[in-house]
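Me: I'm new to this one. Can you put it up and walk me through it?
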Amino acid sequence: MTPPLLTITDVAVELPTPRGILRAVDDVDLSLQAGRTLGIVGESGCGKTMLSRAILQLLPKKAKLSGRVMFDGQDLVQLAPESLRRLRARDLAVVFQDPMTSLNPVLTIGTQLMETLQEHLELDTPAARKRSIELLAAVGIPAPEQRLAQYPHQCSGGMRQRIAIAIALSCEPKLLIADEPTTALDVTIQAQILDLLAREQRRRHMAMIIITHDLGVVAGRADEVAVMYAGRVVERAPTPMLFKRMHMPYTEALLAAIPKLETAPHTPLPAISGRPPDPTRPLKGCSFAPRCRYATSRCREAKPELTSAEMADHLYACFHPIKMAEGIGA
Ligand SMILES: Nc1ncnc2c1ncn2[C@@H]1O[C@H](COP(=O)(O)OP(=O)(O)OP(=O)(O)O)[C@@H](O)[C@H]1O
Ligand code: SF4
Ligand SMILES: [Mg+2]
């Protein structure tokens, strides 16, 4: 079997805060094959962005990273800054929640796309212009030629996200990390952007990590799902297997929190009661215990490891796994 494109082993991220050391990512192991999609799902603050930044080696300056991030045969933690920069520009791309993070407000869309193409693919100006138009058309931008002369503020939020995706795709990356790329957009545009990512991913045989707080987003779109809670991966399985029979009470709670299609827009989500633990005060036992309806004294005394029982590729960290859950089609 070909080795995975990405393997992360024992990755932890610690951040100094006035309240003490905050362990944002806690010993995470994951791997991803070329051309496959991994969904990372969890509530706000569970460490999804820190984990993606650990993969990209784009952590805040004060952050302490440990573990190994092997990408395409190289350990990114050991790589020199210049090699990393080159790798991020070509093979490892990212789309953030707010497209303005990656777009430059004072440069036209054409300049930004063409500069990227000229620098990394060494195209001349006419070739870069032609490729830019093709890329904008591929991400569903009408009249792409006219768009080249516009600035980001002249485009809608959905258009800006499409442009950020076009720039991310421009160098034909091997892995695209999409960190909540649709959270700021309305529901119809969200679906369009997610479908666009899925289509481009298949067409390019690109691997993708899609990060979201909404388990519904990864159903049918990811090959495998990793559920994160309080910095750890607490359940991991091929997507259809997870939806058929989830084992972690937290995953079950996330499933119940999926916004239903028939719900009116802006209806508050049926929140999972309680709050995640303070990440500067790690709990002795299972981090979900204070909110878990199945918790016992054992859960408060010891931390469950991520292991598999019956199926080798279905992992979960729970002492009292749910036997059967009412699944949804994935
Ligand atoms: N620059 C920072 N300095 C200190 N702590 C931070 C910093 N950025 C994030 N954190 C903390 O790290 C933890 C993980 O944050 P992270 O942004 O990775 O969560 P997330 O799962 O991406 O949440 P969201 O869904 O809101 O984007 C949180 O407790 C957060 O408060
Ligand atoms: S280990 Fe215990 S507290 Fe944690 S999720 Fe499982 S049942 Fe709930
Ligand atoms: Mg985030």
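Me: What should I know before we start?
Reply: This is a predicted model: local features need pLDDT of at least 70, side-chain atom pairs count only at pLDDT 80 or more, and totals for chains, interfaces and linings use all residues. Residues are numbered from 1 along each chain as its sequence is written, chains are lettered from A and ligands numbered from 1 in the order in which they are written, and side-chain values use heavy atoms, with hydrogens and water left out.

Me: OK, ligand first. Which residues come nearest to ligand 1?
Reply: Ser 44, Gly 45, Lys 48, Thr 49 and Met 50, out of 14 residues around ligand 1. A residue counts as near if one of its heavy atoms lies within 4 Å.

Me: Which polar atom of Thr 49 lies 2.8 Å from an oxygen atom of ligand 1, side-chain or backbone?
Reply: A side-chain one. For Met 50, a polar backbone atom is 2.8 Å from a ligand 1 oxygen. Gly 45 also uses a backbone N or O atom, again at 2.8 Å from an oxygen of ligand 1. A polar contact here is a pair of N or O atoms within 3.5 Å.

Me: How much of ligand 1 does the protein bury?
Reply: Taken alone, ligand 1 exposes 630 Å², and the protein buries 67% of that. Areas come from the Shrake-Rupley method with a 1.4 Å probe.

Me: Which elements give two or more residues to that shell?
Reply: Strand S2 (20-32) and helix H1 (48-56). H1 gives the most, with three residues. Helices (H or I, at least four residues) and strands (E, at least two) are DSSP runs, numbered from the N terminus.

Me: What kinds of residues make up the shell around ligand 1?
Reply: Seven nonpolar, four polar and three charged. Ala, Val, Leu, Ile, Met, Phe, Trp, Tyr, Cys and Pro count as nonpolar; Asp, Glu, Lys and Arg as charged; the others, Gly among them, as polar.

Me: Switching to sheets. What is the order in the four-strand one?
Reply: S2-S1-S4-S5, an open sheet with antiparallel pairing. Strands pair if DSSP finds at least two bridges between them. S2 and strand S5 (74-75) are the edge strands, each pairing on one side only.

Me: How many bridges join S1 to S2?
Reply: Nine, with strand S1 covering residues 6-17. Thr 17 has Gly 20 of S2 as its bridge partner.

Me: And where does H1 sit?
Reply: H1 packs on that sheet and touches S1, S2 and strand S4 (64-71). Its direction makes about 115 degrees with that of S1. Contact means heavy atoms within 4.5 Å. Axes are lines fitted to C-alpha atoms, for helices over the stretch in contact, and angles run from 0 to 180 degrees between N-to-C directions.

How values were computed: A polar contact is a pair of N or O atoms within 3.5 Å; within protein, one must be able to donate a hydrogen and the other to accept it, and residues adjacent in sequence count only if both atoms are side-chain atoms.
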